[in-house]
Structures are given as C-alpha cells and as structure tokens.
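Dear colleague,

Please find the structure below, handed over for your review. My findings follow it.

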Amino acid sequence: TIDQSRTIDEVKSDMEQPRPMDRLVCGDVGYGKTEIALRAAFKAVMAGKQVAILVPTTILAQQHYVTFSQRLSPYPTKIEVLSRFRTGKEQRSIVEALADGQVDICIGTHRLIQPDVRFKDLGLVIVDEEQRFGVGHKERLKQIRREVDVLTLTATPIPRTLHMSMAGVRDMSIIETPPEERLPIKTYVSEFSDELIREAILRELDRQGQVYFLHNRVYNIDYMANYIRRIVPEARVGVAHGQMNERDLESAMADFGSREVDVLVCTTIIESGLDIPNVNTLIINRADSFGLSQLYQLRGRVGRSVRRAYSYMLIPATQSLNETAERRLKAMLAATELGAGFRIAMKDLEIRGAGNILGADQSGHIQAIGFDLYMRLLAQAVEDLRARREGKETDASEESGIYYGSPTTNLIPESRVAVDLGIPSSLPTEYIQDLTTRLGIYQRLTKLGNLYAVTRLEDELRDRFGPIPLQAQNLLYVMRLKLDAERAGVDSIIR
C-alpha cells in the first residue's frame, strides 16, 4: 500500500543515518507491518549485520520463522528461532552460533533477552507487538541495543509509547491504508447462548472456513472443547494453550493451519500476529474480562482475507457488567471501521494517562508538575538536543519561555496567566465526537498567540461542527481573557 511504501522508505533512510534509529510503526492488525520488518532485516543482513526479532509468543515466533525462511530462501541468510519449541541442546547451539556470528537473523521470545545471549555484530532490533512487553524487558533491551537500530511494531501502542512518539522523543510512522478488498469485521456483543454459538460455527463451516473459540481458562478448557463437540457434532475441534507440551502445541497449531481442525478452542496465545486467512469467525467467551487493546488485537486474528469476518463477544447471562467493562465493549462496537487501532490507542491514552518517560510507569498521570508544563519541558528538551546535534545554537527562553541556568539550576517555566472563573469550559463530547479531532483542537487552543487566531478558530468550529455550545463558548472566552491579561501584564484572574 501507499503507507507501507512510505514507511519502508522512512525506515531505510533512518538505517542509513549515523545516529541509531528508534522508530515506532503503528499500523492496524493485518496492515502489513511484518513486510516492513522483513525488508528492514534484509537490508541489515546485506550490510553484514545481525538482526534480533523479539516476539511475545512461541506460536508467533514459529510463524515468523516460516515467513522469513520462505521469503529469504533465495539468499545466503541463516535464520534461527529461540523459543521453547527448541530443546535445551538446540538452544545452546543457537546461542553459541549467535556469539560466533554464524546466525544472521534470530527470532525469539523472552528467551532472546536472557543474559547468556550475545551477538557478535548486532545491527537491528525489531520488537513485534510492543504492547505485550513490560518496562523490565525494554530496559534489558536497552542494554543490548545502545548503538543499534530499533524498529518497534504495534497496532495499539501503550500510552507511554504513543505519548513519547507524539512528543517527538521517538519517530513514528502510521500505516492507515487497508490492503485491497479488506472488509471491516462485523462485531456483536451477546449473552452466552448455545444457539448463537452453534449458528455462528455452522455458518463459517458452510463456507469452508475455520473458527477460533477463545476460552481463557486452562483448568477447564477441555470441558469447553467437549461442550463445543456436543452442540456442534459436525465440527472437528482442537485445543491449544500455553501450558501444553511443546510438541503437542506445535502439532495442534499445524493441524489447524492445514485445515484438519475446524474449531480451535484456545487461550489468548493466539493474540499476537497470527495470520491464518481461512479463519474468519472469532467467538470470545467472557469478553468482559479482557482489556481494550487486547480485545482489539484478538479481533484482528480474523478478517485477514477478502471474506467478511465475524466477531462474537460473549458475556455472562447471569451477571451484570461493571462500568469499565461496559465502556470497553462499547468502544469495541464503535471501533469497527478499518484502521481503528490508532483510535483505540488514543482512547487508552485519554483514559489512563501517558505514564513516565524516565520511570517504569507505562500509564498514569504526571501529577507532580502538571501535564501542560511537563509537555513544554519535554518538547523544549527534545528541540534543544536536536539543535545541538545539528550544530545550531538556540535561545530556549525565546522559543518557549523556559530557560536553562547553571547545571544545578532547575528548569523554570515562563510566567503564565492563571484564570479561575469557576465556569464550565470545555469541548463537549457531544459536540466533537471524534477523540483525535477533539484532542487536536485542544492542542491548537493552547498554542493560540493572538485574539485574531481565536476568532478564526471560532469560525472554523462553527463551520465544521455547527452552533457552538455554552461550554465551548466559555473556553474561547477564557482564551481571549488570558491573551488580554498577558498583554496587560496581569498574573491572575479570579472570580
């Protein structure tokens, strides 16, 4: 697609720069992020460097191994996979080969970031499904990647990562163009029902398709598989979960991939990156117990071909949903259009906060100094570092009102007018429903420098969204008041 081509060019350009690449590729599930990773890995290998590809699950590691091996088979490239599908002896042999430089591309799960793994000449680290790794794993990655290029792939970045990209700490590429003939996934939320499950499975079998039935409880997953066999005796049912023996799990996934199994009763082991185009119905039991980005990732396992896909999110008939679960399911029902992953991530950022760039929190609010000041401090620090790298001198006080004293002096913000009128001033959700648009207008408001700019924005709001409600009128009034007060040298306005 057009976005894929642009992103590939950006990645290759970054890899050719003297400074290490740190790029986040944010693309919806099934939009071709693996293709970008494959081309970046090939470029690194052709330059004589080693590539490490970190993935969250053994199944995804195996799938990437097959994909990379097939695509790079015409070239003299040595590819290995480090996961629990390999015996201890095989793992030791691969680790030794990595240290000797005999392996070009190593695809691995968390095993890849263990202390005993050493690379002779590592050039590129690819982190697939970044949202599945914690800060501890990423800190370990930092130790092995200080001077190497890093490419991070995700459909729904965690708030901290998304915030860092938006603030300019990391480069970001967004893939928004869907593959040709891709159709949105039909999503339903329903109470658990024998009739619904049987009808959904039989409809998929009638068109020679396959079904994921997700039941995320290992202790009674076999009972659930027998239940499916009982209500749909026509279907061949298999089981897959993370606590299975390595060979059994590998065999179960191979049978499903070769269409010898119609319905795979599984846990969230299928969540990350699996690409089986013939599977176009997903049934999630107890959907109320999953997180927002997790539900979105799971739904992305179907609808990866030209066929219409169906996703059924089942909730208990006997229990009432809590408010948080209800909001998550409503967000999933609302985000059915193609390319909604970025919107889901923005919603997550709005709900949970941006986390801490210098600490281990991946979400949460910056309470110590306030979000507005934190963003200005961060933006100025990033711009200052960029200017220094490019050999330019900047006067920080002129650019943002933040100045640097001696090394021991704290950063001091410019004097800002404090307005406390006690009136409701905001952009109501009913007025601007799209979250990304609303956030963008809030950001523009904070950067307005004169009364004429406020009037122009007011005219634009009226033109785009209709008559301006009272809360939004109050917000524009407060902005005008602040600008007048700044010009007059007033420090605060209190009701």
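The chain exposes about 24,300 Å², of which carbon and sulfur atoms supply 49% (Shrake-Rupley method, 1.4 Å probe; for residues, only the protein chains shown count as cover). This is a predicted model, in which local features need pLDDT of at least 70 and side-chain atom pairs count only at pLDDT 80 or more, while totals for chains, interfaces and linings use all residues. Residues are numbered from 1 along each chain as its sequence is written, and side-chain values use heavy atoms, with hydrogens and water left out.

Of the 495 residues, 50% count as buried (under 20% relative accessible area, 1.4 Å probe, protein chains only). The secondary structure comprises 17 helices and 15 strands (DSSP runs: H or I of at least four residues, and E of at least two, numbered from the N terminus).

Seven strands form an open, parallel sheet in the order S3-S4-S2-S5-S6-S1-S7 (strands pair if DSSP finds at least two bridges between them). Its edge strands are S3 (79–82) and S7 (171–175). Strands S1 (22–27) and S6 (149–154) pair over five bridges, and Val 25 has Leu 153 as its bridge partner in S6.

The largest nonpolar core has 36 residues, among which Tyr 212, Leu 249, Ile 270, Ile 284 and Leu 295 touch the most other members (a core joins buried Ala, Val, Leu, Ile, Met, Phe, Trp, Tyr and Cys residues through side-chain atoms within 4.5 Å). A second, separate core of 29 residues includes Leu 38, Ala 41, Leu 124 and Leu 151.
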